[in-house]
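Here is a short briefing to read alongside the model. Keep the viewer open and follow the residues as they come up.

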Amino acid sequence: MNKILTYLVVDTETTGLCNMRLPYNDSTLYPQSVDSEFWPWITEITFNKYQLIDGKSVLLKENSYYITPSYEHEMYSVEAREKTGISLEKLAALGEPLALVMKLFLAELKSVDFVVAHNSTFDMKVIKAAFFRCDIDYHLRTVPWIDTMYYGREFLGKYFRRYKYPK
């Protein structure tokens with residue numbers, strides 16, 4: 001009998017790109033030196049929960065949240081707004097508090113065997129920043145992450161001799 005695995009598919013939209021190469025303490029998620037004011041903020045996070053049964057995925061729960069802005073409007077880059085189509089007005093009207101959403105995400109994260117994301121390095125950085133802002137001390141690598149961007153590159157290289165990261 002095959003083991004039933006549970007996983008999250010995670011995606012984030014943000015106020016912009018991030019440059020968060022900071023020295024992290026090995027025993028905690030917190031950076032050793034912090035100026036988090038300039039880290040991007042999550043504007044939307046989706047984390048859908050699935051079960052893998054006999055090689056087939058079954059959707060268990062859909063979770064998608066807009067986040068109420070708690071930053072200066074200048075922090076939300078024009079490029080990010082144009083790319084995602086998420087306006088400040090939409091976030092103000094439909095958003096949920098960041099702390100609430102991150103607690104919901106953490107509960108789902110702790111309940112799965114692994115996480116799937118495209119460009120997980122980016123998603124993990126902005127989720128770490130959100131955890132930091134919400135005073136949540138949890139190391140994301142407690143659960144294994146599978147990056148479809150990385151494996152997509154391997155697939156394209158093996159079968160099509162194109163070693164580019166897929167979008």
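In this predicted model, the charged end of arginine 81 sits over the ring of tyrosine 76, with 5.5 Å to the ring centre. Arginine 133 is placed over the face of tryptophan 41, at 3.7 Å from the centre of that ring.

**Around isoleucine 86**

- Isoleucine 86 belongs to the loop between α1 (78–84) and α2 (88–94).
- Isoleucine 86 counts as buried because its relative accessibility is 3%, and the cut-off for buried is under 20%.
- Beyond its neighbours within four places in sequence, isoleucine 86 is in contact with Glu13, Thr43, Glu44, Tyr66, Tyr76, Arg81 and Leu91.

**Around threonine 15**

- Threonine 15 is found in the loop between β1 and β2.
- Is threonine 15 buried or exposed? With a relative accessible area of 2%, threonine 15 is buried.
- Setting aside residues up to four places away in sequence, threonine 15 touches Pro40, Trp41, Thr43, Tyr71, Met75, Tyr76, Ser77 and Ala80.
- Trp41, one of the residues touched by threonine 15, carries arginine 133 over its face.

**Aromatic pairs**

- The structure holds 7 aromatic pairs.
- One of them joins phenylalanine 47 and phenylalanine 105 in an edge-to-face arrangement, 5.2 Å centre to centre and with 80° between the planes.
- This pair links distant parts of the chain, since phenylalanine 47 lies in strand β2 (residues 42–53) and phenylalanine 105 in helix α3 (residues 98–109), 58 residues apart.
- Phenylalanine 47 and phenylalanine 105 are both buried.
- Together with Tyr65 and Phe131, Phe47 and Phe105 form one aromatic cluster.

**The nonpolar core**

- In soluble globular proteins, nonpolar side chains tend to be buried together.
- Here the largest nonpolar core has 35 residues. Which residues have the most contacts inside it? They are Met102, Phe105, Leu109, Ile127 and Phe131.
- At least two residues of this core come from each of β1 (5–14), β2, α2, α3, β5 (114–117) and α4 (120–133).
- Phe105 and Phe131, named among those with the most contacts in the core, are also members of the aromatic cluster.

**Strand β5 and its partners**

- β5 is covered on both faces: Phe114 and Val116 on one side are buried, and so are Val115 and Ala117 on the other.
- β1 and β5 pair in the parallel sense over 4 bridges, and phenylalanine 114 in β5 is the bridge partner of tyrosine 7.
- β5 also pairs in the parallel sense with strand β6 (residues 145–147), over 3 bridges. There, aspartate 147 in β6 is the bridge partner of alanine 117.

**Two positive phi angles**

- Most residues other than glycine have a negative phi.
- Aspartate 54 has a positive phi, near 50°. It is located in the loop between β2 and β3 (56–61), and its relative accessibility of 57% makes it exposed.
- Aspartate 135 likewise has a positive phi, near 55°. Its place is the loop between α4 and β6, and it is exposed, with a relative accessible area of 62%.

**The chain as a whole**

- The chain has 5 helices and 6 strands, running β-β-β-β-α-α-α-β-α-β-α from the N terminus on.
- Of its 167 residues, 41% count as buried.
- Among contacts with a separation of 6 or more, 72% are between residues 24 or more positions apart.
- The chain exposes about 10200 Å², and carbon and sulfur atoms supply 52% of it.

How values were computed:
Residues are numbered from 1 along each chain as its sequence is written. This is a predicted model: local features need pLDDT of at least 70, side-chain atom pairs count only at pLDDT 80 or more; totals for chains, interfaces and linings use all residues. Side-chain values use heavy atoms; hydrogens and water are left out. Rings of Phe, Tyr and Trp (its six-membered ring) pair if their centres lie within 6.5 Å; planes under 30 degrees apart count as stacked, over 60 as edge-to-face and the rest as tilted. Buried means under 20% relative accessible area, exposed over 50%, partly exposed in between (1.4 Å probe, protein chains only). A charge sits over a ring if NZ of Lys or CZ of Arg is within 6 Å of the ring centre and within 35 degrees of the ring normal. Contact means heavy atoms within 4.5 Å. A nonpolar core is a set of buried Ala, Val, Leu, Ile, Met, Phe, Trp, Tyr and Cys residues joined through side-chain atoms within 4.5 Å. Accessible areas come from the Shrake-Rupley method with a 1.4 Å probe; for residues, only the protein chains shown count as cover. Two strands pair if DSSP finds at least two bridges between them.
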